[in-house]
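Trainee: Let's go through this model together. I want to know what stands behind each label we put on it.

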Amino acid sequence: MDWLELAVAADEEAVDAVAEVLRAHGHGVAIDEPFVQPRIDEAPQPDPSRRPIVKTYIPDDEKAPGIQQEVEHALWHLGQLRAVEPLGILRIAEEDWANSWKPFFPVLHLGRRTVIVPAWRRHHRQEGEIIVRLDPGLAFGTGMHPTTRLCLQGVEEMCRQGDRVLDVGTGSGILSIAAARLGAARVVGVDTDPIAARAARANVRLNHVSRTVRIFEGSLPDGLPIGRAAQIRGDRGPFNLILANVTARVNAALAPAMAPLLAPGGHLVASGILADTADMVSEAFAAVGLRTERVEPDGDWVAITASPTL
């Protein structure tokens with residue numbers, strides 16, 4: 001199957017809203033932050049002269065023209081409030097999409113211990129390293145974006161031996177696998193995108209953590225399995241740690257569903273949040289009994305750590 005890449009450049013203030021529009025119509029959302037690197041030995045820096053680009057993908061089939069029209073209509077309304085550029089469309093063959101970027105995906109050292117190793121690369125494990133082997137395929141979540149890095153830092157710091165962990169918007173499964181590697185007894189990942197769910201399951205098998213990690217397609221709470229067996233396994237919580245690397249609006253919308261799933265003394269790490277929307281998310285958490293303990297920044301993005309007030 002061929003796919004269409006829908007891409008929109010927008011001001012930082014509009015990125016979250018544009019991402020919600022594309023997420024509602026496509027498979028996953030990626031945000032390309034513009035950077036400059038004056039010298040090869042210097043770290044990349046944000047480029048304020050260019051706008052971020054938000055992308056999603058849809059099948060190139062008979063439904064594509066209608067989806068494109070709906071997206072353009074929604075973006076036009078957003079453009080009346082913020083700077084949103086016209087929708088760009090690029091046709092991509094699935095094989096090219098899945099493989100063409102692989103040479104540019106390096107071994108990534110994130111946090112204090114976690115190392116993301118592409119499935120097609122070799123890496124000699126050093127003492128103390130937590131290895132996550134990854135083939136994102138057509139899903140999102142490679143560890144390169146600040147939102148994923150912030151969540152990985154939270155996993156390293158807060159995941160304890162024997163914990164139950166919920167990964168909301170699991171994407172490629174990177175956070176679920178890291179939690180299993182760090183000693184979680186049970187990890188449940190959910191994603192509304194069937195492509196992401198399939199990729200996450202494949203990565204769980206690749207990392208040999210299928211006994212610990214289970215991936216489900218859906219949102220909360222309906223995406224969690226039902227029945228006595230699921231309760232015994234801990235697939236419905238309560239969870240010691242919840243990871244929600246989605247968007248600010250989705251975090252706020254899911255707050256009433258996530259709060260009851262969090263165990264007393266547990267922590268929620270919410271990412272995918274632009275700094276200027278952090279207060280909105282914290283207010284949504286407070287309304288359901290979650291206290292914001294910390295706001296951790298990474299460029300224009302933040303992760304919020306919250307816990308039950310009682």
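Mentor: Start with a helix pair. H8 and H9 are roughly parallel to each other. Keep in mind that this is a predicted model.

Trainee: Why are H8 and H9 called roughly parallel?

Mentor: The axes of H8 and helix H9 (residues 278-287) cross at roughly 10°. Angles under 35 degrees count as roughly parallel. Therefore H8 and H9 get that label. Their axes come within 9 Å.

Trainee: Which residues make the contact between H8 and H9?

Mentor: H8 supplies Ala-248, Arg-249, Asn-251, Ala-252, Ala-255 and Met-258. H9 supplies Met-280, Val-281, Ala-284 and Phe-285. By class, the contact of H8 with H9 has eight nonpolar residues, one polar and one charged.

Trainee: H8 has another helix partner. What makes H1 and H8 roughly perpendicular?

Mentor: The axes of helix H1 (residues 12-25) and helix H8 (residues 248-258) cross at roughly 70°. The range for roughly perpendicular is 65 to 115 degrees. H1 and H8 therefore count as roughly perpendicular to each other. Their axes come within 8 Å.

Trainee: Which residues are involved in the contact of H1 with H8?

Mentor: On H1, they are Asp-16, Ala-17, Glu-20 and Arg-23. On H8, they are Ala-248, Arg-249 and Val-250. The classes are three nonpolar, no polar and four charged residues.

Trainee: Now the sheets. In what order do the strands of the four-stranded open sheet run?

Mentor: The order is E2-E5-E1-E6, and the pairing is antiparallel. The twist averages 30° from one strand to the next.

Trainee: What makes E2 and E6 edge strands?

Mentor: Strand E2 (30-32) and strand E6 (88-93) each pair on one side only.

Trainee: How do you know that E1 and E5 pair?

Mentor: Pairing takes at least two bridges. Strand E1 (residues 2-9) and strand E5 (residues 53-59) have seven, in the antiparallel sense. Leu-4 stands opposite Ile-58 in E5, and Ala-9 stands opposite Ile-53. E1 also pairs with E6: six bridges join them, and they run antiparallel. There, Ala-93 of E6 is the bridge partner of Asp-2.

Trainee: Why is E1 called largely enclosed?

Mentor: Buried means under 20% relative accessible area. Seven of the eight residues of E1 are buried, so E1 is largely enclosed by the rest of the structure.

Trainee: Which strands of this sheet does H1 touch?

Mentor: H1 packs on the sheet and touches E1, E2 and E5. The direction of H1 makes about 5° with that of E5.

Trainee: And the seven-stranded sheet: why is its pairing called mixed, and what is its order?

Mentor: The order is E12-E11-E10-E13-E14-E16-E15, and the sheet is open with mixed pairing. Strands of a sheet pair through backbone hydrogen bonds, either parallel or antiparallel. The edge strands are E12 (213-217) and E15 (290-298). The twist averages 15° from one strand to the next.

Trainee: Take Thr-170, in the loop between E10 and H5. Is Thr-170 buried or exposed?

Mentor: The relative accessible area of Thr-170 is 4%. The cut-off for buried is under 20%. Thr-170 is therefore buried.

Trainee: What does Thr-170 touch?

Mentor: Beyond residues up to four places away in sequence, Thr-170 touches Ser-176, Gly-189, Val-190, Asp-191, Ala-200 and Ile-215.

Trainee: And what are the totals for the protein?

Mentor: The protein has nine helices and 16 strands. Of its 310 residues, 53% are buried. It exposes about 14,800 Å², with carbon and sulfur atoms supplying 51% of that.

Conventions
Residues are numbered from 1 along each chain as its sequence is written. This is a predicted model: local features need pLDDT of at least 70, side-chain atom pairs count only at pLDDT 80 or more; totals for chains, interfaces and linings use all residues. Side-chain values use heavy atoms; hydrogens and water are left out. Helices (H or I, at least four residues) and strands (E, at least two) are DSSP runs, numbered from the N terminus. Buried means under 20% relative accessible area, exposed over 50%, partly exposed in between (1.4 Å probe, protein chains only). Accessible areas come from the Shrake-Rupley method with a 1.4 Å probe; for residues, only the protein chains shown count as cover. Axes are lines fitted to C-alpha atoms, for helices over the stretch in contact, and angles run from 0 to 180 degrees between N-to-C directions. Angles under 35 degrees count as roughly parallel, over 145 as roughly antiparallel, 65 to 115 as roughly perpendicular and the rest as oblique. Contact means heavy atoms within 4.5 Å. Ala, Val, Leu, Ile, Met, Phe, Trp, Tyr, Cys and Pro count as nonpolar, Asp, Glu, Lys and Arg as charged, and the others, Gly among them, as polar.
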